[in-house]
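Here is a short tour of a predicted model. Have a look at the structure first, and then we can walk through some of its details together.

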There are 2 protein chains.
Amino acid sequence: MGEAPTRRRSRSGGGAARRAERTAVSIETAKYIERNVPLYEVLTDEALAVIEENAETVLEEIGVEFPSNPRALERWKAAGASIDGTRVRIPRGLARDLCKTAPSKFTQHARNPEKSVEIGGNTLVCAPVYGPPFVRDENGGRRYATMDDFHKFVKLGYMSKWLHHSGGTVCEPTDVAVNKRHLDMLLAHMTLSDKPFMGSVTAPSRAQDSVDMCKILFGEEFVQNNTVMTSLININSPLTFDDIMMGALEVYAENNQACIVSPFIVGGAMAPVSVAGTLTQVFAEVLAGIAYSQLVRPGAPVIFGAFVTSIDMGSGAPTFGTPEASQILYGAGQLARRMNLPFRSGGGLCGSKLPDAQAAYETAHTHNAALLGGVNFMLHSCGWLEGGLVASFEKFVMDADQLGILHKFAAGIPIDENGQGMDALREVGPGGHYLGCAHTQANYQTAFWRTEVLDYKPFETWQDEGARDTQTLAAKRVNTLLDAYQRPAIDPAIETALIAFVTEKKASMPDALE
Amino acid sequence: MGEAPTRRRSRSGGGAARRAERTAVSIETAKYIERNVPLYEVLTDEALAVIEENAETVLEEIGVEFPSNPRALERWKAAGASIDGTRVRIPRGLARDLCKTAPSKFTQHARNPEKSVEIGGNTLVCAPVYGPPFVRDENGGRRYATMDDFHKFVKLGYMSKWLHHSGGTVCEPTDVAVNKRHLDMLLAHMTLSDKPFMGSVTAPSRAQDSVDMCKILFGEEFVQNNTVMTSLININSPLTFDDIMMGALEVYAENNQACIVSPFIVGGAMAPVSVAGTLTQVFAEVLAGIAYSQLVRPGAPVIFGAFVTSIDMGSGAPTFGTPEASQILYGAGQLARRMNLPFRSGGGLCGSKLPDAQAAYETAHTHNAALLGGVNFMLHSCGWLEGGLVASFEKFVMDADQLGILHKFAAGIPIDENGQGMDALREVGPGGHYLGCAHTQANYQTAFWRTEVLDYKPFETWQDEGARDTQTLAAKRVNTLLDAYQRPAIDPAIETALIAFVTEKKASMPDALE
């Protein structure tokens, strides 16, 4: 396994912190967030019990669909479900019982062990945007994404201090055939970054390729005994588990790799128009999906996913950062915790076409809800634009900067003697000024979160420098980070083997469009 | 008292809701928020007790300054404090005891009784930006504010559905002499709007003018028996209560009008660099200030204020929407609730020069913390830009639109039969679509919050319409609202009397610069 000499950011300062202060560019990666603050709970226990009961009713009376997947139907039948065609009706309590073998927390290993992440409990792991077919930047506007764009996003992710995870399909490289692009994407994550990453889910064979490449990168035995990928399995809401996604889930679960079992819901279209109704469906779907993962392999690591947003009832467009989306996020987090399962939701979600105020309002609402709602794995935490159709270079660095806020808030409020600051109050007194006092001098370097994107300059300076808005400041930072990027070290033999695998695989395939 | 035929927005729909949907412009005003959701508490009871103890130590050992205010020193001495020059040292427990006569909740009456607000308990009242000497709009850029700008902001406030309060100095009308402008500002709030407003605090005589004008507007007896202004009394942190602000507080308290007793703190400069240390100072200052208001008149309505932000330790610039500012807001809210006092904090605070992504990130962080942190009175909830130096027309309508999100979230999650939506789940089933089902049809008009500013259009439509960003969309809305503005009805005799008061007062004064 390759090892890069990567430094962890230490809040207590020291040489690394001082160096980081002298230069705008650093390759430090913050440790995943461990919340030292309470969570926010929007639903009462009584309301949660109603939703849980209703979800059991949905599974028992209405059931779920597992189309084109006879093996799944056999598994469900053996477990005690009632099968009618491809409809699976699950007796009350069965799905919940099956979920009990799923771990409440797991480690996803990175090739750089310092960047491995814990997913579950009080942690929050931030991963970038996933899935957009388009990219946007300030100069080039909106265009189809290419493998070159993909490489740039992986590099930006590697360079982003507050981002713990390299993600998966940070954008769809549309210049590579669909059946081959997963190989190039994985190779990029494995060689251009040393953070943890996600595997392919667009076909069971591509999930297997992902596992096989991990065996080259981490060693076969290591992969057998450890989780090295956390991959996104969307449920085709309402209540349908399509064979491609389930096929990928089967490969990952069999190999002890983690799946995010995630309803993908635009409320009002793919779930009831009410928040409690949507939560009922989310919970039923997750129960069925995670139960199925445990039928494939008891103990396989999973995450309770909830990607739920609302709809503009005027136009039918999906909307993000809305109060209903926040309510659902908070409620789903409570349901996940009652199941003792890791929780995925949130991100830098927005509907705006540009990285403008709308994008930022919507993103901040979602970031805040994710932090206080107990999210353990936050996909799309940076770079998402236009309802997920676009990966924005500027928004990637803007949002990644914002993630620092979540780290600082989550650390909580120190209440020790230094935190109390009574010596400062005594030293300064009425009418005085704190900037020069001993307590301030001792603490100023770490007292406040500092942005690397936003502007705090005096008006006149800002105006003289071109009156730049956030997008323009972010464009500059994108270039700064890409210019400063250096590949993390990797064992040349492993890299050669990975390239050989990809080359051989691609040579064996015709180009396919899906 | 003049009465305008104003409609309250009713969430249950009906004729007003349907009409509102057919037109982009409405003069409905939402009822102040009554939270039906829990609050977020960041500090443990043990931590709060430490901060409270330390604050008592500050008051007892260090004390506070009441310069140039012999009457205040006499009041404190009579109450049992120790006086040394202008330093007031307050024995442990005394300030807290004095605060006990302050009401936990009060009504601020508007001239339109339907727009009166309750401040305290589970309510949240939103008021606009206060104090900027500059204004900015998309076409005119940044310039000194004038009385014409002031009128426009009051009109926008009147037209903003989610804004409950007309505010006070929505911008400083710099084209009117300092000693006269409070008269023009009050006249504008009283005649161009029918929402509640704030009085002048820049001199005790101007506070008295505010009271006198209210007596004309509401009737003398009504003002004697009711609170009709909530005005902003800043503490000169650290620990100094200047005679001008205290003079205004004395006038308001004597007249049973409400004061927000509010430390104005840039953390690290005017308070210790640590969150717990800042909270200690905030609590000590508010205890002393509210105790003093109760010495002036036991039972005078007050609000526990906390305007606290952090500093950029590189440049010394104040910063907004930071994690430390949120921590302080949450902590101060807990301290206020333990005192059983209404709480003021938050707002649409930001440091950005433009209504861009930075402004929106920072504003959304502050809005969210205010909602979940239990704020009862949110000054600056819309229009604030550039650290409060600028009132932005576009940001005013952008933020005012965002306040709708707070209303919807605060309403909570209905869990009744309709909220559960089981009929929808049964009707639609796996693989179906909810848009057409009976439950959706019955609920879609009120199910989701709807913006009146942000963009959800298809990309192609948006591009054809000029690829407008949020600022540009907001500029259009500013014009739409101002074009549609109509003055609320007012008794002509009252208006004539107000104008006569202002004219006579102004004629009796030389122009003064402060």
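## Around B:Asp137

B:Asp137 belongs to strand β8 of chain B, which covers residues 134–137; strands here are DSSP runs (E, at least two residues), numbered from the N terminus. A polar atom of the B:Asp137 side chain lies 2.5 Å from the backbone nitrogen of B:Gly140.

Leaving aside residues up to four places away in sequence, B:Asp137 touches B:Arg143, B:Phe393 and B:Glu394, where contact means heavy atoms within 4.5 Å.

## An open sheet in chain A

In chain A, 3 strands make up an open, antiparallel sheet in the order β2-β4-β3. β2 (64–65) and β3 (82–84) of chain A are at the edges with a single partner strand each, so one side of each has no neighbour in the sheet.

β2(A) pairs with β4 of chain A (residues 87–89) in the antiparallel sense over 2 bridges; pairing requires that DSSP finds at least two bridges between the strands. A:Glu65 sits opposite A:Arg87 in β4(A).

## How the two chains relate

The same surface serves both copies, as 100% of the contact residues of chain A recur in chain B.

## Notes on the model

Residues are numbered from 1 along each chain as its sequence is written, and chains are lettered from A and ligands numbered from 1 in the order in which they are written. In this predicted model local features need pLDDT of at least 70, side-chain atom pairs count only at pLDDT 80 or more, and totals for chains, interfaces and linings use all residues, while side-chain values use heavy atoms, without hydrogens and water.

Conventions:
Helices (H or I, at least four residues) and strands (E, at least two) are DSSP runs, numbered from the N terminus. A polar contact is a pair of N or O atoms within 3.5 Å; within protein, one must be able to donate a hydrogen and the other to accept it, and residues adjacent in sequence count only if both atoms are side-chain atoms.
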